[in-house]
Amino acid sequence: MAISTANSGSSAVKADINVTPMIDVMLVLLIIFMIVTPLIAAGFKATLPKGKNLDPRPEGDNEVVLGIDEYGRYFLNGRPLPNGTLEDQLRSIYASRTEDKILYFKADNKLKYSKIQEAVETARRSGVRVMAAITEPKNTGLFQAGKKKEKK
């Protein structure tokens, strides 16, 4: 609020609102929104990590392996499951286990991540406590699946 004295000799106080700080705040907010809005609209892309299997170890007999192919079909220990029975099958397997509630997970790399997330949530509801991802060994040229390549 500013006080101005007029030449007329009257003692009345003139009240004016100083809008300069309000304009400064509005410009700062405008700049912040101009920077943040394109970042929000761009979205978030997740790149899943690639695994290196340096010590190949086949899955054991007592381990449960859930596989998902590129079409989203479920396989439990290599056997196909009918649609909608994954939760019941996992619940029956893990209900009798007391300490070993580990689920090994194999998924096709072309599969959408939402399908993997759906399977993980279903496994959690079924009693799985630990989930581990299984990767295939990379063929580097010198070693293929743990065997030395022969030179000809």
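How does Lys115 count at 22% relative accessibility: as buried, partly exposed or exposed? In this predicted model, Lys115 counts as partly exposed, because the buried class is kept for values under 20%.

## The sheet and helix 3

The model holds an open sheet of 5 strands with mixed pairing, in the order 3-2-1-4-5. Strand 3 (79-80) and strand 5 form the edges, each pairing on one side only. Helix 3 (residues 113-125) packs on this sheet and touches strand 1, strand 2, strand 4 (102-107) and strand 5. The direction of helix 3 makes about 165 degrees with that of strand 4.

Strand 1 (residues 64-68) and strand 2 (residues 74-76) run antiparallel and are joined by 3 bridges. Leu66 stands opposite Leu76 in strand 2.

## Ala132 in strand 5

Ala132 belongs to strand 5 (residues 130-133) and is partly exposed, with a relative accessible area of 25%. Apart from residues up to four places away in sequence, Ala132 touches Leu103, Tyr104 and Phe105. Its C-alpha atom is separated by 7.4 Å from that of Ile102, 30 residues apart along the chain.

## Salt bridges

Side chains of opposite charge can pair when their charged atoms come close. The count of salt bridges is 4. One of them links Glu118 to Lys115, with the closest N and O atoms 3.8 Å apart; the two residues are separated by about one helical turn in helix 3.

Glu87 forms a salt bridge with Arg91 at 2.4 Å, and both residues lie in helix 2 (residues 86-95). Glu87 also forms a salt bridge with Arg125 at 3.5 Å. Arg125 lies in helix 3 and Glu87 in helix 2, so this pair ties together parts 38 residues apart in sequence.

Definitions and conventions:
Residues numbered from 1 in each chain as written. Predicted model: local features only at pLDDT ≥ 70, side-chain atom pairs only at ≥ 80, totals over all residues. Heavy atoms only, no water. Helix = DSSP H or I, 4+ residues; strand = E, 2+ residues; numbered from the N terminus. Buried < 20%, exposed > 50% of the residue type's maximum accessible area, 1.4 Å probe, protein only. Contact = heavy atoms within 4.5 Å. Pairing = 2+ DSSP bridges. Axes fitted to C-alpha atoms, helices over the stretch in contact; angles between N-to-C directions. Salt bridge = Lys/Arg side-chain N within 4 Å of Asp/Glu carboxyl O.
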